[in-house]
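Please look over the structure shown here before reading on.

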Amino acid sequence: MTKPTPEQTEQLTHALERFTRRFKVAEATAAMDNALSALDVQTLLFVSDHKGCGLGDVARYLQVPLTTMSSAVDRLVRKDMVLRERPEENRRAVALSLTEQGEGAVAGYIAGYGATCHAMLEALDPTERDEFVRLTQKISKSEY
């Protein structure tokens, strides 16, 4: 397999910068609606996908110190978006889940992200869309 050229790397870098900017705008819009930080949004998304997870699980996934994660969850609890519950099988542990308001914030974020993806795919013809999605999935699953 041949190596990517410097030109290809530069072109991809610029394209990904534009993609990232679009997604950051979508994320910022959803975050502003609920006065959330980027960490808050990512915490909500993780908890949504991992109901009953612990604080350490979220901190490890997001690669932040446990104290930072604790502060983020405190904020989300105060905003009535996250619940802390003690599981019966281990009363020392804390299990996190979303409230109805937290689920609504996640739904709004995902809808904004989806709208951004939809708009990007509209720029391609159907064959290009299929190929772009296939290649993007391949890249996202690779280890680098």
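Val58 has its place in helix α3, where helices (H or I, at least four residues) and strands (E, at least two) are DSSP runs, numbered from the N terminus. The model is a predicted one, in which local features need pLDDT of at least 70 and side-chain atom pairs count only at pLDDT 80 or more, while totals for chains, interfaces and linings use all residues. Residues are numbered from 1 along each chain as its sequence is written, and side-chain values use heavy atoms, with hydrogens and water left out.

With a relative accessible area of 0%, Val58 is buried, a word that here means under 20% relative accessible area, whereas exposed means over 50% and partly exposed lies in between (1.4 Å probe, protein chains only). The C-alpha atoms of Val58 and Leu45 are separated by 10.0 Å, and these two residues are 13 residues apart along the chain. Leu45 is one of the buried residues of α2, and the others listed with it are Leu39, Asp40, Val41, Thr43, Leu44, Phe46 and Val47. Helix α2 itself (residues 38–49) has 12 residues and reaches 17 Å from its first C-alpha to its last, close to the 16 Å expected at 1.5 Å a residue; the expected span is 1.5 Å times one less than the number of residues in the helix.

What span does α4 reach from its first C-alpha to its last? With 13 residues, α4 reaches 18 Å, close to the 18 Å expected at 1.5 Å a residue. The buried residues of α4 are Met69, Ala72, Val73 and Leu76. Seen down the axis of α4, these buried residues fall within an arc of 95°, so they line one face of the helix; the arc is that of the directions from the helix axis to the C-beta atoms. An α-helix has 3.6 residues a turn, so residues three or four places apart point the same way. On the other side of α4, Thr67 and Arg78 are exposed.

At 72% relative accessibility, Gln63 counts as exposed.

Asp80 is partly exposed, with a relative accessible area of 42%.

## An aromatic pair between helices

How many aromatic pairs does the structure hold? There are 3 aromatic pairs, where rings of Phe, Tyr and Trp (its six-membered ring) pair if their centres lie within 6.5 Å, and planes under 30 degrees apart count as stacked, over 60 as edge-to-face and the rest as tilted. In one of them, the rings of Phe19 and Phe132 have their centres 6.1 Å apart and their planes at 70°, so the pair is edge-to-face. Phe19 lies in helix α1 and Phe132 in helix α6, so the pair ties together parts that are 113 residues apart in sequence. Phe19 is partly exposed, with a relative accessible area of 23%, and Phe132 is partly exposed too, at 30%.

## The two largest pockets

A pocket, on a 1 Å grid over the protein atoms alone, is an open set of points where a 1.4 Å probe fits, with protein on both sides within 12 Å along at least five of seven lines, and its lining residues have an atom within 4 Å of a point. The largest pocket has a volume of about 620 Å³, a volume being the space filled by probe spheres set on the points, which are joined across faces, edges and corners. Of the 19 residues that line the largest pocket, the closest to its centre are Leu16, Phe19, Phe132, Thr136 and Ile139. The elements that give two or more residues to this lining are α1 (6–34), α5 (100–122) and α6 (126–141), and the largest share, 7 residues, comes from α1.

The second largest pocket has a volume of about 320 Å³. Its lining is made up of Met1, Thr2, Lys3, Pro4, Gln8, Thr9, Leu12, Ala15 and Ile139, and α1 gives the most to it, with 4 residues.
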